[in-house]
Amino acid sequence: QQDREHFDFQWWGKSQAKRNAFTPTTAALRYDEARSVNPDKAGGNAIIEGENLEVLKLLLCAYRGQVKCIYIDPPYNTGNDFVYKDNFAEGTSAYWEQTGVTQGGVKMSTNTRADGRYHSNWLNMIYPRLLVARQLLREDGVIFVSIDDNEVTHLRKVMDEVFGEENFVAQILWKKRSTPPNDKVIGANHGYITCYAKSSDNV
């Protein structure tokens, strides 16, 4: 029997997260005339407000393979932020109530380290968004993702899978402040910006 051992990056919920990326959206863009400023002079620029996975899917219709640069600043997995699940068939408030995130409008759920799926929850949020974002990039396009120490190693692994390890460009250290806090063993004064190309041969 041939040795089956090989390097593989797996986590709880990965298969469903991948399906979420390729499930057609039921959302639609609606022009907000009251909040628009000089739309006739916008030159094709737009601000889109909505759930980012659904918006990315909508953008695929018109911009697949046409985007030169994507920058995302996803929720950092600090244990204080709720990492939401992707279900958009009902209104946000109703969904949050049903899943126990809120009760009577009061937030009840966070992604704590005590949860055995602490990293999996975060990966299930970021993975489908990266899969769709890759489809938007041109062959000479690049993506930048801001992150901190909590998930930087997992982000690198999932981006290696989505974009290919050979398309890693750089991990940029971002100095956030000149006076680090003195409340830990080592005061954190930096974050990271991870950069990948759609194709390193073309970037």
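Biologist: In a right-handed or a left-handed crossing, how does H4 pass H5?

Modeller: In this predicted model, H4 passes H5 in a right-handed crossing. The term applies because the near helix is turned clockwise from the far one. The axes of H4 and H5 (residues 152-163) come within 10 Å and cross at roughly 35°.

Biologist: Which residues in H4 and H5 meet?

Modeller: From H4, the residues include His-119, Trp-122, Leu-123, Ile-126 and Tyr-127; from H5, they include His-154, Leu-155, Val-158 and Met-159. By class, this contact has eleven nonpolar, two polar and two charged residues.

Biologist: Why are H2 and H4 called roughly parallel to each other?

Modeller: The axes of H2 and H4 cross at roughly 20° and come within 9 Å. Angles under 35 degrees count as roughly parallel, and therefore H2 and H4 receive that description. The crossing of H2 and H4 is left-handed. On the H2 side, the contact is made by Asn-52, Leu-53, Leu-56, Lys-57, Leu-59, Leu-60 and Tyr-63; on the H4 side, by Pro-128, Arg-129, Val-132, Gln-135 and Leu-136.

Biologist: How many residues of each class does the contact of H2 with H4 have?

Modeller: There are eight nonpolar, two polar and two charged residues in the contact of H2 with H4.

Biologist: At what angle do H1 and H4 pack, and how far apart are their axes?

Modeller: H1 (residues 14-22) packs against H4 at an angle of about 40°, and their axes are 8 Å apart. H1 passes H4 in a right-handed crossing. Residues in H1 that meet H4 include Lys-14, Ala-17 and Phe-22, and their counterparts in H4 include Asn-124, Tyr-127 and Gln-135. The contact of H1 with H4 divides into seven nonpolar, three polar and two charged residues.

Biologist: What is the volume of the second largest pocket?

Modeller: The second largest pocket has a volume of about 460 Å³. It is lined by 20 residues, and the closest to its centre are Asn-52, Leu-56, Ile-70, Tyr-71 and Ile-72. Helix H2 (52-63), strand S1 (67-72) and helix H4 (118-136) are the elements that give two or more residues to the lining.

Biologist: Which element gives the largest share of the lining of the second largest pocket?

Modeller: H4 does, with six residues.

Biologist: How do the residues of that lining divide into nonpolar, polar and charged?

Modeller: The lining of the second largest pocket has 17 nonpolar residues, one polar residue and two charged residues.

Notes:
Residues numbered from 1 in each chain as written. Predicted model: local features only at pLDDT ≥ 70, side-chain atom pairs only at ≥ 80, totals over all residues. Heavy atoms only, no water. 1 Å grid on protein atoms, 1.4 Å probe; cavity = no way out; pocket = protein on both sides within 12 Å on 5 of 7 lines; lining within 4 Å. Points joined across faces, edges and corners; volume = space filled by probe spheres on them. Helix = DSSP H or I, 4+ residues; strand = E, 2+ residues; numbered from the N terminus. Nonpolar A, V, L, I, M, F, W, Y, C, P; charged D, E, K, R; others polar. Axes fitted to C-alpha atoms, helices over the stretch in contact; angles between N-to-C directions. Parallel < 35°, antiparallel > 145°, perpendicular 65-115°, else oblique. Contact = heavy atoms within 4.5 Å.
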